[in-house]
Amino acid sequence: MVDSQYYLPNDVGISALDCTEAFRLLSPREQLYAHYLSRSAWYGGLAVLLQTSPESASIFVLLQRLFRKQPPAQLGNVATAAGLSPEEYQAFLVYAAGLYANMGNYKSFGDTKFIPNLPKENLKALVWQSQAFQDSPSEMEALWDSCSTLLYSLEDKQKQLGLGDKGITTYFSGNCCLEDAELAQKFLDSKNLSAYNTRLFKKKSEGKSCYEVRLASAVQEGESDYFLFLKRETRCGRYDFEDRVFTVSRGDYDHLMKKVSENLEKAKDHAANENQKRMLEEYSRSFTFGSVEAHKEGSRFWIKDKGPIVESYIGFIESYRDPFGSRGEFEGFVAVVNKAMSERFAKLVSSAEVLLPELPWPKDFEKDRFLLPDFTSLDVLTFAGSGIPAGINIPNYDDIRQSEGFKNVSLGNVLAVAYATQKDKLTFLDEEDKDVYIKWKGPSFEVQVGLHELLGHGSGKLFVQDEKGTFNFEQDNVRNPETGEKITTWYKGNETWDSKFSTISCSYEECRAECVGLYLCLNKHVLSIFGHEGEDAEEVVYVNWLNMVRAGLLGLEFYTSESKSWRQAHMQARFVILRVLLEAGEGLVTLKESTGKDGRPDALITLDRSKIHTVGKGAIERFLCKLQVLKSTADVEGGRALYEGYSAVSDGGSHNFLCLRETVLQRKEARKMFVQANTRVKGDSVELVEYQGSAAGLICSFTERFADDAEEVEAHLLELNKRDAPCWNSKVPSGRSLESV
């Protein structure tokens with residue numbers, strides 16, 4: 001029997017994202033703008049297949065070819081004839097939907113592999129009897145042979161994403177380890193080159209380690225003056241560094257990046273203003289030539305584009321799935337502003353300068369000037385990538401965030417369906433808490449998302465000494481509030497938060513932002529902004545804190561005991577917060593193991609609401625101050641000691657978390673998947689094509705998404721996949737050029 005964590009259950013929740021009314025209210029020009037931005041996002045999102053696992057792209061093409069020839073209902077008849085039971089065919093549909101939703105065969109939330117919940121020989125029989133196989137038997141057989149072994153493999157290393165012997169990654173060639181990642185980061189820092197749009201490939205030549213840093217771009221090399229300028233900007237070339245050879249090259253995902261740029265150029269013709277046009281020009285330059293500097297420039301114009309009707313962002317953004325925490329996964333979203341909900345967030349923004357001083361660190365540790373950002377509630381039309389979050393705070397470039405600003409978005413139609421909860425599926429709470437939780441989960445999470453994004457990710461100063469030796473803080477006067485001593489560590493030159501804190505940076509920052517949300521939701525003014533007063537306000541506070549401690553327990557699902565590693569940044573952060581609040585004592589949080597009505601191991605977590613404002617607030621205040629001070633001062637050693645200490649999962653102490661992990665795994669609920677609409681140009685107008693909220697609906701949305709150029713796109717994906725296939729072995733033959741492998 002396969003462990004249930006490695007397949008998706010047949011009854012997994014699948015919901016359609018409703019954006020009908022939001023799209024209808026757009027002008028024809030705005031609809032065309034949204035359409036071409038969406039096309040750009042969807043093409044770029046295919047790069048995630050190549051960023052996830054060696055087999056993801058081939059599985060994607062296999063599924064596309066099956067369902068393009070026969071939609072799910074029609075293929076179901078073939079399945080019956082091939083001997084599959086209805087449950088087995090549903091399991092196959094759920095697997096296909098999962099691969100599309102996650103853009104690969106590893107869960108975007110948790111990084112665990114999932115496989116089809118039906119025998120391999122049954123799936124093969126279905127493929128062999130399909131119309132796609134009848135039309136092209138040799139091609140389909142070759143496609144099956146290229147991916148079927150890894151499609152089902154659950155060898156230890158292949159169970160999760162990770163670097164070296166800890167898991168699978170395609171951000172690094174298979175012979176790379178943590179030391180290679182650290183060396184590459186030092187090289188990148190020395191050249192002032194961002195890792196966001198790169199992958200790293202290693203080979204041996206004449207006994208010396210040689211590395212290729214490959215930039216994502218539509219083009220490779222050229223001889224024009226412009227290419228020579230870009231060569232300097234992207235540092236393309238060969239370098240000797242610490243007795244190794246580094247080569248910086250272009251051309252990763254080249255076919256896909258070309259599609260991205262072409263559609264951005266089309267969107268530019270329908271832009272609403274000059275900021276949008278300049279933004280798209282710079283994005284296009286970034287994806288064409290591999291320049292992160294161009295993407296940063298585009299992000300500056302994006303920040304200046306205040307209050308657009310159609311909001312979007314695109315690029316190599318979040319670094320959660322890079323095992324080293326520096327390389328960005330491609331994502332692109334297009335959404336329409338929800339004006340009514342956005343008014344509340346605008347009020348929160350206008351109160352930010354009053355609320356920031358309430359945070360528990362000295363004013364020297366806060367930004368010199370808070371740049372009032374856009375904060376809007378959006379209804380998502382398109383979100384291409386491995387998953388859809390509830391809120392976003394971007395861009396992620398430290399230098400822009402610190403001195404030029406950022407934007408916050410809350411994804412309203414995602415929140416509306418993602419966090420709806422059924423009482424019989426609510427685990428680890430008593431019956432009374434379940435009723436309160438169901439009633440107030442939505443409103444409380446809305447408050448938490450707002451505070452987390454705006455004042456969590458938007459707060460705090462990094463102490464920096466730039467390349468000229470200038471400090472952005474007063475060395476002689478600023479004191480560490482934890483020690484009373486002068487500041488002795490800071491960020492130097494091209495160092496960033498991600499490059500310094502690397503493997504813990506994502507989760508640590510999510511933890512800091514979550515703590516800000518917990519801390520500031522106790523503020524009555526904040527609650528009134530969201531329309532909560534009196535007893536209702538206290539219910540929002542209670543459920544927000546209750547949800548956090550429950551999430552900390554649920555987070556154990558995302559811990560791998562064999563490698564002692566966490567697979568999901570947010571859930572690790574919530575577990576850390578649970579540990580902090582348990583440590584606070586005085587009965588604030590109680591966690592007990594028990595036996596459920598079904599006779600299986602269970603657990604109960606309770607929160608004393610009378611102690612939230614005293615014991616709870618004090619614990620979060622102290623912990624949050626430590627997090628910020630360590631982050632501000634670039635104290636990696638202290639930060640790691642603190643964060644990894646609270647992240648430890650053991651069977652000792654007052655709680656047996658390893659045992660509780662087994663209980664959580666037995667009672668876990670699969671994460672919901674979303675079905676997104678497509679847009680289609682018809683004459684001078686744009687048509688919105690929607691699908692049912694089911695596995696079949698999700699599948700149809702993807703087969704129709706690339707209907708116009710399906711064969712071209714699939715051929716490009718297979719070509720890109722084949723180009724790098726030998727790189728994923730743990731050893732790359734000496735002397736072969738990386739271009740050839």
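Biologist: Which residues line the largest cavity?

Modeller: This is a predicted model, and the structure holds five cavities of 30 Å³ or more. About 70 Å³ of space lies in the largest cavity, with α13 (274–289), α14 (292–304) and β6 (310–318) each supplying at least two residues of its lining. The residues that line the largest cavity are Tyr196, Asn197, Ala216, Ser286, Phe287, Ser291, Val292, His295, Gly315, Phe316 and Tyr397.

Biologist: How many residues of the lining of the largest cavity are nonpolar, polar and charged?

Modeller: The lining includes Phe287, Phe316 and Val292 as well as Ser286, Ser291 and Asn197. Since Tyr and Ala count as nonpolar, whereas Gly counts as polar, the lining of the largest cavity divides into six nonpolar, five polar and no charged residues.

Biologist: Which residues that line the second largest pocket are the closest to its centre?

Modeller: The second largest pocket has a volume of about 950 Å³, and 34 residues line this pocket. Two or more residues of the lining come from each of α10 (178–190), α14, α17 and α20 (497–520), and by class the lining holds ten nonpolar, twelve polar and twelve charged residues. The residues closest to the centre of the second largest pocket are Lys296, Asp398, Asp399, Glu495 and Thr496.

Biologist: Which residues are linked with Arg214 in a network of salt bridges?

Modeller: The count for the structure comes to 50 salt bridges, and one of them joins Arg214 to Glu212, with the closest N and O atoms 3.3 Å apart. Both Arg214 and Glu212 are buried. The residues linked with Arg214 in the network are Arg199, Glu212, Asp252 and Asp724.

Biologist: How many residues apart are Arg300 and Glu404, which form a salt bridge?

Modeller: The closest N and O atoms of Arg300 and Glu404 are 2.9 Å apart, and Glu404 is partly exposed, with a relative accessible area of 36%. Arg300 lies in helix α14, whereas Glu404 lies in the loop between α17 (398–403) and β10 (407–411).

Biologist: Which residues does Phe67 touch, not counting residues up to four places away in sequence?

Modeller: With residues up to four places away in sequence not counted, Phe67 touches Pro72, Leu75, Tyr89, Phe92, Leu93, Ala96, Tyr100, Ile699 and Thr703.

Biologist: How far apart in space are His255 and His716, C-alpha to C-alpha?

Modeller: His255 lies in helix α12 (residues 254–268), and, leaving aside neighbours within four places in sequence, His255 is in contact with His716, Glu719, Leu720 and Arg723. Although His255 and His716 are 461 residues apart in sequence, their C-alpha to C-alpha separation in space is 6.4 Å.

Biologist: What is the phi of Ser502, and is Ser502 buried or exposed?

Modeller: Most residues other than glycine have a negative phi. Met103, in the loop between α6 and α7 (120–129), has a positive phi near 50° and is buried, with a relative accessible area of 3%. Ser502, placed in helix α20, has a positive phi near 30°, and with a relative accessible area of 7% Ser502 is buried.

Technical notes
Residues are numbered from 1 along each chain as its sequence is written. This is a predicted model: local features need pLDDT of at least 70, side-chain atom pairs count only at pLDDT 80 or more; totals for chains, interfaces and linings use all residues. Side-chain values use heavy atoms; hydrogens and water are left out. On a 1 Å grid over the protein atoms alone, a cavity is a set of points where a 1.4 Å probe fits but cannot get out, and a pocket is an open set with protein on both sides within 12 Å along at least five of seven lines; lining residues have an atom within 4 Å of a point. Grid points are joined across faces, edges and corners, and a volume is the space filled by probe spheres set on the points. Helices (H or I, at least four residues) and strands (E, at least two) are DSSP runs, numbered from the N terminus. A salt bridge is a side-chain nitrogen of Lys or Arg within 4 Å of a carboxyl oxygen of Asp or Glu. Buried means under 20% relative accessible area, exposed over 50%, partly exposed in between (1.4 Å probe, protein chains only). Contact means heavy atoms within 4.5 Å.
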